[in-house]
Amino acid sequence: MLGIMWGEKYMAYSNKNKTVLLCGGTNFLGPHLVERLITEGYDVTICTRGIHKIPLMEFVKTIVCDCNSEEGVKRTLGGKKFDIIIDCIAYCPKEVFNILSNVKTTRYIQVSSIGVYSDSMTNTDRRLYLPIDEERFDPRTYDNWSMEADNTVRYGDRKKYAECVAYQRFPEYNPVSIRPAYVADPFNFMHEQNVRLPEIVDWIRRGKGIKSTNKNYAVCFTRVDEEAELILKLADNSYNDPLNISSIGYVTIEDIVAHIASKFDIAKCFDEDGELPNFPSGINLDVKRLEEMGYVPSKLTNWLWEYVDYYCEFPIENYKSWKIVKSEMDVFMK
């Protein structure tokens, strides 16, 4: 468990018999969050497209709905009220608007992304690993956004606009957005969302070159269980400034490659004709805002290398090729 304490300035809620609508609670982050919510006594309803298995389904209610469909949301969720809405998707601004204009709540928690900072990063930021704090992007005042942003708009921009919808259009719902670093799940190594690290291991083990363009860029990670723990605390609290969530510290692409190469006694991995690892790299998240609250996330190097080693030890014949399917989700193909 994380060492999290909240100051008296933030109102604490009683979670007894609190109702929670969890949007996207079936995959990756969802199961960790569902387990914690149930353990803490919340009455949980999962809103899902019906693609993935429902975690702990005997303890939760389920609503099948595509939140991108305005009519679908009106039909399945219209007029309902929940004490808390936790939106693990918030994929685009229209989706957030569809939910919040049809469902009443007193607390909206949105899972955003480190990607909201991408277009504001300078070469100096990336080269000097300058910590990026939450003030770099303020969804309360940002006005260059569109409700109609879809898959043709960059992921980071869609996430920015989704935050703007919550903060600017529905402030009465006490919104809070969390901005996680690259999320890793040390409890479910071969989950599709963990694909980027095993991909690099596979490249290096097979002698495939890695393009050196971003080798000195920072990469920060957060553990999925710590992200779930933070959300649980925010569900019991009124704090509503955006929050970065990351393990303390960062590594570089070169650090990751060197560690993997040492496991296989490979001297050279970088090649200008190679491929570029698909990490949200070059961003070092500042987590002082969390630390000021008494939140103590893990230190990155206390767990990352053991996590990487698992993939190095995984039998090569069990690795599967991967590609982008179902929009932008990276999955191992069966």
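**Terms and their grounds**

Modeller: The protein has ten helices and 15 strands. The model is a predicted one.

Colleague: What share of the residues in the protein is buried?

Modeller: Of its 334 residues, 56% are buried. The accessible surface comes to about 15,200 Å², and carbon and sulfur atoms hold 48% of that surface.

Colleague: Why is aspartate 138 called partly exposed?

Modeller: Its relative accessible area is 30%. Buried requires a value under 20% and exposed a value over 50%; aspartate 138, at 30%, is therefore partly exposed. The residue is located in the loop between strand E6 (131-132) and helix H5 (155-169).

Colleague: What makes the approach of aspartate 138 to arginine 140 a polar contact?

Modeller: The side chain of aspartate 138 reaches the backbone nitrogen of arginine 140 at 2.9 Å. The limit for a pair of N or O atoms is 3.5 Å, with one atom able to donate a hydrogen and the other to accept it. The distance of 2.9 Å is within 3.5 Å, so the pair meets the distance criterion.

Colleague: How do you know that helix H10 is mostly covered?

Modeller: Seven of the ten residues in H10 (residues 304-313) are buried, namely Leu304, Trp305, Tyr307, Val308, Asp309, Tyr311 and Cys312. These buried residues pack against strands E8 (182-184), E10 (221-223) and E12 (251-252), and against helices H6 (196-205) and H8 (253-263).

Colleague: Which members of the largest nonpolar core touch the most other members?

Modeller: They are Leu21, Ile85, Leu100, Tyr108 and Tyr117, in a core of 36 residues. Strand E1 (19-23), helix H2 (70-77), helix H3 (93-100) and H5 each contribute at least two residues to this core, and H5 gives the most, with five. A second, separate core has 34 residues, among them Val20, Val44, Tyr239 and Val287.

Colleague: Why would nonpolar side chains be found buried together?

Modeller: In soluble globular proteins, they tend to be buried together.

Colleague: With which residues is tyrosine 108 in contact, leaving aside its neighbours within four places in sequence?

Modeller: Tyrosine 108 is in contact with Ile85, Asp87, Ala90, Val96, Leu100, Ala166, Tyr173, Asn174, Pro175 and Val176.

Colleague: What share of the contacts in the protein with a separation of 6 or more joins residues 24 or more positions apart?

Modeller: Such pairs account for 76% of those contacts.

How values were computed. Residues numbered from 1 in each chain as written. Predicted model: local features only at pLDDT ≥ 70, side-chain atom pairs only at ≥ 80, totals over all residues. Heavy atoms only, no water. Helix = DSSP H or I, 4+ residues; strand = E, 2+ residues; numbered from the N terminus. Buried < 20%, exposed > 50% of the residue type's maximum accessible area, 1.4 Å probe, protein only. Contact = heavy atoms within 4.5 Å. Core = buried A, V, L, I, M, F, W, Y, C linked by side-chain atoms within 4.5 Å. Areas by Shrake-Rupley, 256 points an atom, 1.4 Å probe, with all protein chains shown as cover.
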